[in-house]
Amino acid sequence: MFKKYDLIVIGAGHAGCEAALASARMGASTLLLTISIENVALMPCNPAIGGIGKGNLVKDMDALGGEMGLNIDATGIQFRILNRSKGVAVRATRAQADKYLYKDRMLTTIFDTPNLDLKQGIVTDININNNEVESVSVASGEQYFCKKIVITAGTFIDGHIYIGSMRMSAGRMYEPASVALGESLTKLGLNHFKMKTDTPARIRFDSIDISGLEVLSSDSGDITFSGEGIKNNLKNIDCYLTYTNDETCRIVADNIKASQLYSGEIAVKGPRYCPSIEDKIKNFPEKTSHNIVIEPESLDMFECHINGMSTSLPYDIQVAAYRSIKGLENAVFTRPAYAIEYNVYDPKDLHYSYESKKVKGLYLAGQLNGTSGYEEAAVQGFMAGVNAVLSIDNKEPLILGRDESYIGVLGDDIISKGVDEPYRMFTSRGEYRLLLREDRAEARLLQYGYEKLGLIRKERYDRFLNDRELIDLEIRRLIKLKDKDKNISYHDLLKRPEVLYRDMIKESGIGAGNLSEKLIDQLEVEIKYKGYIDKEQKEVEKASIYDDILVPDSISYKSIPGLRLEYAEKIALLKPKTLKEIRSIPGISPSAISVIAIEISKIVKTENI
C-alpha cells in the first residue's frame with residue numbers, strides 16, 4: 001500500500017500500456033493504475049491498428065521496442081497494404097483485430113512483465129512536494145509514492161457521454177469518469193479545454209444482409225507490423241462496404257438538432273478526419289453517398305463496428321438512420337452510438353519529453369493531449385514512459401526529430417503548435433516522407449531502441465545489421481555488373497520504373513539469390529528512389545547545422561537585433577533548450593535561426609571571458 005515506485009502510470013489504454021511496459025522493461029519499478037482491469041487495451045472505437053500515417057507510427061514504435069506492433073501481429077484477423085499502387089512514401093499497413101484477443105494478449109503481457117504491478121483504482125489526487133510529484137491517492141484509500149508519474153487517462157477526465165438529450169458522466173459507456181483527478185490537475189495549474197469524439201453503434205452480424213455488398217478481403221502475403229516478423233495463424237475475415245443514401249441524409253438532417261452537440265447548447269470541436277454522420281451531412285449537404293464499412297469485431301462474428309456512422313443522435317433516430325442503409329435494413333443494435341466530451345490539456349505546456357513545464361516529474365500522454373486514435377496515443381505513452389525512466393537515471397531524454405520519425409513529427413506538431421481539434425497523423429504532415437517511409441523504420445530507429453533504451457533484443461539488432469550488409473553488397477555488385485546488350489549496369493537499369501529485380505533474376509539470373517522478399521523490396525526502393533532520397537537527406541543535413549547548440553538561460557529573444565517580435569514571443573513561450581528545438585517550431589525561418597545562433601555565440605563568448 002505504501003510501496004514507492006520509480007514510475008506510476010495512470011490509465012491502461014494504449015498509451016498507458018506502452019508507457020508501463022517500456023518503463024518496466026528498462027528496469028524501473030512501475031505501477032499501472034486503471035479504473036477497470038477487464039478493459040486494459042480496449043478498442044472502444046474501430047477494431048483496427050494502422051492506416052495512412054498511423055501504420056508508420058506503429059512501425060516506428062516497434063523499432064524502438066514498443067508492444068503494439070507485436071500485439072496486432074498476434075491478434076489481427078485481416079491485414080492490408082493501403083496505397084499499394086502509389087509511391088512507397090505513402091504506402092501503409094492496416095490490420096483489423098479481434099478486439100478481445102488483442103486486449104487479452106496485452107493484459108497477459110503486462111501480468112508477465114517483471115518490475116510491473118497492475119492495480120485497479122480511481123486516482124483522485126496527484127500529490128506534490130516542492131512542485132515535484134511525490135505520490136498519488138486512490139479513491140479506496142491507498143497512497144502510492146513515486147519518482148515520476150505519467151497520466152494517460154484518455155477521455156476519462158471529466159468525461160460526459162451524449163445520446164440525444166441524454167448526458168451522463170462517464171469516461172466510456174458505463175465506466176466512471178475521473179472527476180476528482182481533473183480537479184487535482186486544475187489545482188496544480190494545468191490548463192484544459194474540451195474536445196469530443198464519437199463512436200458508432202454495434203450491430204449483430206447475423207442481422208446484416210451482406211449479399212450485394214462489396215467485399216473487402218485481406219491482402220496476400222506475410223504482412224506484419226513488427227520487425228520480428230511473426231505472423232499469426234488466425235482465420236482472416238472479410239469486411240463489407242456499403243453507402244448512405246438520400247433517405248439516410250434526410251433522417252439525420254431532419255433530426256440533427258435533437259443532439260445537444262448540434263442544437264447550439266454545447267460548442268466543442270470534434271475530429272475533422274473521423275467525423276460523425278451529423279458533421280458529414282452538415283458540412284457536405286450536396287453529398288448523400290458516404291462510405292460505410294461493416295467491420296466484424298472478432299472471429300466469432302457476433303458484433304460489427306459500423307465505420308462511418310458515428311453519431312450522438314437519439315437512439316430511435318439512430319435505428320432509423322442505420323436501417324435506411326443497404327444491408328442494414330434489419331439491423332439489430334447491441335450497443336448504441338454516442339459522443340463523448342472530455343478534458344484536453346494544452347500540449348504547449350509540455351517539454352518535448354512530454355514532461356509538464358508546470359510540475360516536475362509529471363508527464364502527460366495520449367488523447368488528453370488532444371490527439372485522436374490508438375496509434376497516436378500509444379507512441380506518446382511510449383515516449384513519455386521512456387523519457388521518465390531516462391530522467392530517473394539522469395540521462396538525456398529521447399527527442400526524435402521530424403526527419404527521424406513520424407513520432408517526432410507528431411510530438412513537434414502538438415507541442416510547438418498546440419491543438420484546436422483532435423490531431424490525427426497523416427504522411428502529409430511529414431516533410432521527409434521518403435526518409436520516414438514504413439520500410440525504413442528499423443534503419444532510422446533500431447539503434448536507439450537497442451543502445452539508448454535497451455528495449456531491442458541483440459538477436460534482432462544483429463539480424464538487422466546482417467540484412468543491411470546483404471543489401472549493400474548487392475547494390476555494389478549490381479553497380480559493377482553490366483548488361484552487355486544494353487551497355488548499362490544492372491544498377492542503373494533497375495532505376496527504370498518498368499524494370500523489376502525479380503524479373504531481372506528470371507531473365508538473366510543475375511540476382512544474388514540470398515535476399516528475402518522483404519529485402520528485395522527495400523533494395524528496389526533504395527535504387528529507384530536514390531536521387532529523391534539523397535535530396536531529402538541533404539535538406540536535413542543543411543537544416544541541422546546548428547542542432548547541437550545549447551540555448552543559454554540568459555538569452556532574451558526580444559533583445560536580439562533583426563529577430564521579428566512574433567518569433568521572439570513564440571520561442572520564449574516554448575522555452576526551447578537547443579537550436580534544434582527552435583528549428584522545429586513551425587513558421588520560424590532559416591534566417592531567424594542564423595540570427596539566434598549569432599546571438600548565442602556572443603553570449604557564450606561573453607560568459608567565457
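**Figure 1. An open sheet of 6 strands.** In this predicted model, antiparallel pairing gives an open sheet of 6 strands in the order E14-E15-E16-E17-E13-E18. Strands are DSSP runs (E, at least two residues), numbered from the N terminus, and two of them pair if DSSP finds at least two bridges between them. Strand E14 (214–216) and strand E18 (333–335) stand at the edges with a single partner strand each, so one side of each has no neighbour in the sheet. From one strand to the next, the twist averages 35°. E13 (residues 202–204) pairs with E18 over 2 bridges in the antiparallel sense. Arginine 202 stands opposite arginine 335 in E18. Helix H8 (residues 315–323) packs on the sheet and touches E13, strand E17 (303–307) and E18. The direction of H8 makes about 130° with that of E18. Contact means heavy atoms within 4.5 Å.

Residues are numbered from 1 along each chain as its sequence is written. Local features need pLDDT of at least 70, side-chain atom pairs count only at pLDDT 80 or more, and totals for chains, interfaces and linings use all residues; side-chain values use heavy atoms, leaving out hydrogens and water.

**Figure 2. Strand E9 and its partners.** Strand E9 (residues 143–151) pairs with strand E1 (residues 4–10) in the parallel sense over 6 bridges. Lysine 4 stands opposite phenylalanine 145 in E9. Strand E8 (residues 132–138) pairs with E9 in the antiparallel sense over 3 bridges, and serine 135 also stands opposite phenylalanine 145. Strand E20 (residues 362–364) runs parallel to E9, joined by 3 bridges. Isoleucine 151 stands opposite leucine 364 in E20.

**Figure 3. Helices H2 and H10 crossing.** The axes of H2 (residues 54–64) and H10 (residues 406–417) come within 8 Å and cross at roughly 110°. Axes are lines fitted to C-alpha atoms, for helices over the stretch in contact, and angles run from 0 to 180 degrees between N-to-C directions. H2 and H10 are therefore roughly perpendicular (65 to 115 degrees). Asn56, Leu57, Asp60, Met61 and Leu64 in H2 meet Tyr406, Ile407 and Leu410 in H10.

**Figure 4. The largest cavity.** A cavity is a set of points on a 1 Å grid over the protein atoms alone where a 1.4 Å probe fits but cannot get out. The largest cavity holds about 60 Å³ of space. Its lining residues (an atom within 4 Å of a point) are Leu190, Asn191, Tyr345, Asp346, Asp349, Leu350, Ser356 and Leu364.

How values were computed
On a 1 Å grid over the protein atoms alone, a cavity is a set of points where a 1.4 Å probe fits but cannot get out, and a pocket is an open set with protein on both sides within 12 Å along at least five of seven lines; lining residues have an atom within 4 Å of a point. Grid points are joined across faces, edges and corners, and a volume is the space filled by probe spheres set on the points. Helices (H or I, at least four residues) and strands (E, at least two) are DSSP runs, numbered from the N terminus. Angles under 35 degrees count as roughly parallel, over 145 as roughly antiparallel, 65 to 115 as roughly perpendicular and the rest as oblique.
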